[in-house]
Amino acid sequence: MTDKELKYTQLLKEAAALLDGENDLIANMANLAALIHETMGFWWTGFYIIRKGSDGKEQLVLGPFQGPIACTRIAFGRGVCGTSWQRRDTIVVSDVEKFPGHIACSSESRSEIVVPVFKADKVSAVLDIDSRYLNTFDETDAHYLEQIVKLLN
């Protein structure tokens with residue numbers, strides 16, 4: 001196992017223990033964002049939750065996070081978060097400048113991973129993590145973060 005895999009294995013155990021017995025989604029998202037952020041040292045770690053806007057359309061709305069201020073609302077199919085929601089799949093972006101339609105909430109973000117959160121086979125939120133460095137995320141991150149967000153159900 002690599003150091004990264006060992007770190008994620010421990011993180012997954014800690015996340016499961018942290019959420020055990022708690023069913024409040026916002027509290028669990030807040031604690032998961034903090035745990036992932038502190039353990040892995042990422043630039044920005046947080047959730048966007050699908051909500052209906054004033055126009056009646058669903059959109060991603062900023063939820064619990066750790067890091068600098070962030071975009072508040074993201075439309076379906078826009079940016080990495082909206083695209084992950086649309087595709088219903090994890091997206092790993094090595095260089096955000098090369099992602100078509102990337103939304104630059106911070107010019108310091110250089111790479112990103114977005115993991116959809118499912119509830120009853122429907123995307124209910126996304127976990128968004130940004131790094132100040134290129135090529136931060138890979139399949140190891142995707143694998144473990146997908147397991148971590150499953151704990152929210």
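View 1. Helices (H or I, at least four residues) and strands (E, at least two) are DSSP runs, numbered from the N terminus. The cut-offs are under 20% relative accessible area for buried, over 50% for exposed and partly exposed in between, using a 1.4 Å probe and protein chains only. Elsewhere, ring pairs link W44, Y48 and F65 into a cluster.

A quick note on the model: it is predicted, so local features need pLDDT of at least 70 and side-chain atom pairs count only at pLDDT 80 or more, while totals for chains, interfaces and linings use all residues. Residues are numbered from 1 along each chain as its sequence is written, and side-chain values use heavy atoms, with hydrogens and water left out.

View 2. Six strands make an open sheet, ordered β3-β2-β1-β6-β5-β4 with antiparallel pairing; two strands pair if DSSP finds at least two bridges between them. At the edges are β3 (73-75) and β4 (91-93), each of which pairs on one side only. From one strand to the next, the twist averages 25°. Zoom in on β1 (residues 44-52) and β6 (residues 122-131), and you find an antiparallel couple joined by 6 bridges. Which residue of β6 is the bridge partner of Y48? That would be V126.

View 3. Helix α2 (residues 25-40) lies across β1, β2 (58-66) and β6, and runs at about 155° to β1. Axes are lines fitted to C-alpha atoms, for helices over the stretch in contact, and angles run from 0 to 180 degrees between N-to-C directions. Helix α3 (residues 79-87) lies across β1, β2, β3, β4, β5 (111-119) and β6, at about 40° to β5. How many of the 9 residues of α3 are buried? The number is 7, so by the definition of buried this helix is mostly covered. Those buried residues are G79, V80, C81, G82, T83, S84 and W85, and they pack against β1, β2, β3, β4, β5 and β6.

**View 4. The nonpolar cores.** A nonpolar core is a set of buried Ala, Val, Leu, Ile, Met, Phe, Trp, Tyr and Cys residues joined through side-chain atoms within 4.5 Å. The largest one holds 27 residues, and Y8, I36, F47, L127, I129, L145 and I148 have the most contacts inside it. Elements giving two or more residues to this core are α1 (3-19), α2, β1, β5, β6 and α4 (139-150); α2 supplies the largest share, 6 residues. Set aside neighbours within four places in sequence, and Y8 is in contact (heavy atoms within 4.5 Å) with M40, F42, T140, D141, Y144, L145 and I148. There is also a second, separate core of 17 residues, which includes L60, C71, V80 and V126.

View 5. One joins D141 and K4 at 2.5 Å, N to O, and links helix α4 to helix α1 across 137 residues. D141 counts as buried at 0% relative accessibility, whereas K4 is partly exposed at 25%. Salt bridges that share partners join K4, D138 and D141 into one network.

R88 bridges to D121, the closest N and O atoms being 3.2 Å apart. R88 is partly exposed at 37%, while D121 is exposed at 61%. E108 and R132 form another bridge, with closest N and O atoms 3.0 Å apart.

Methods. Rings of Phe, Tyr and Trp (its six-membered ring) pair if their centres lie within 6.5 Å; planes under 30 degrees apart count as stacked, over 60 as edge-to-face and the rest as tilted. A salt bridge is a side-chain nitrogen of Lys or Arg within 4 Å of a carboxyl oxygen of Asp or Glu.
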